[in-house]
Amino acid sequence: MFTPPLALASLSGEANAEWARAGADYAGAAVLGGIAIDAGSRAAARELVERDRTEFLPDDPIAFIDRQLAALEDAPIQPAFNVRSATPDPIPDAARVCRDRDAFLEINAHCRQDELCAAGCGETLLRDCERLRDYVRRAADTGATVGVKVRAEVPDVDLPALAAALETAGADYVHVDAMDTESVVRDIADATDLFIIANNGVRDDATVREYVEYGADAVSVGRPSDNPVVLERVREAVERRLGAEACP
């Protein structure tokens, strides 16, 4: 899906076009966002800002996605945009923008802040398979490349089974925050043919090796995504573990 198979994971309020361009020397993909795109998720994001969390809150989130992706048209990196929504209606609009800008749409079923969960988005979607499948179907129907960011270790969520259901709905990839259960990557790989991006604690050769041995097709770096030392180290590990041909 991208080369090298190293992605920069979205960081709320920080992962914009400038951030993605800065990481293009190391990564093959950059997931911008996350961004709230409906009324409920935007209200939750405003509550997060009130407690000093950085969030993207433009007047028009769909236009913001378009502007940010347009700013990356000449950048040597595959863009994606992570979106949060408590309702399905804005999902196709965001997907069409991503499609037209040759970007991936990544549906956020990952964020666990109380405000977002109360609004019905983020991690809450992991427990509502049919609603999440509907999001994926609506996005895939536009012709966009669709992924879902998920989190392991959520009680009462069978992540491999959920990933299989998302695959049948039209998802192309799953971006897995493995938490402390790295082996969930193997379980998803066994259950699906989805492209798997493994996330959480990716810092060096040892962490890349572990995820690759479990079946990851790519890895992503989160918090240190603006640290060239870490990115260089991880890129070198990706080249060793996923093959020299993965890195130009």
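Colleague: Which residues lie nearest the centre of the largest pocket?

Modeller: A pocket is an open set of points on a 1 Å grid over the protein atoms alone, where a 1.4 Å probe fits, with protein on both sides within 12 Å along at least five of seven lines; lining residues have an atom within 4 Å of a point. Here 26 residues line the largest pocket, and S10, L11, H110, D177 and R223 lie nearest its centre. This is a predicted model, in which local features need pLDDT of at least 70, side-chain atom pairs count only at pLDDT 80 or more, and totals for chains, interfaces and linings use all residues. Residues are numbered from 1 along each chain, and side-chain values use heavy atoms, without hydrogens and water.

Colleague: Which residues of helix 3 are buried?

Modeller: Buried means under 20% relative accessible area, with a 1.4 Å probe and protein chains only. Helices are DSSP runs of H or I with at least four residues, numbered from the N terminus. In helix 3 (residues 61-70), the buried ones are P61, I62, F64, I65, Q68 and L69. Seen down the helix axis, they fall within an arc of 160° (taken from the directions from the axis to the C-beta atoms), so they line one face of helix 3.

Colleague: Is D205 buried or exposed?

Modeller: D205 counts as buried because its relative accessibility is 16%. D205 is found in helix 9 (residues 205-214).

Colleague: Which side chain does D205 join through a polar contact?

Modeller: A polar contact is a pair of N or O atoms within 3.5 Å; within protein, one must be able to donate a hydrogen and the other to accept it, and residues adjacent in sequence count only if both atoms are side-chain atoms. The side chain of D205 has such a contact of 3.1 Å with that of R240.

Technical notes
Buried < 20%, exposed > 50% of the residue type's maximum accessible area, 1.4 Å probe, protein only. Helix = DSSP H or I, 4+ residues; strand = E, 2+ residues; numbered from the N terminus.
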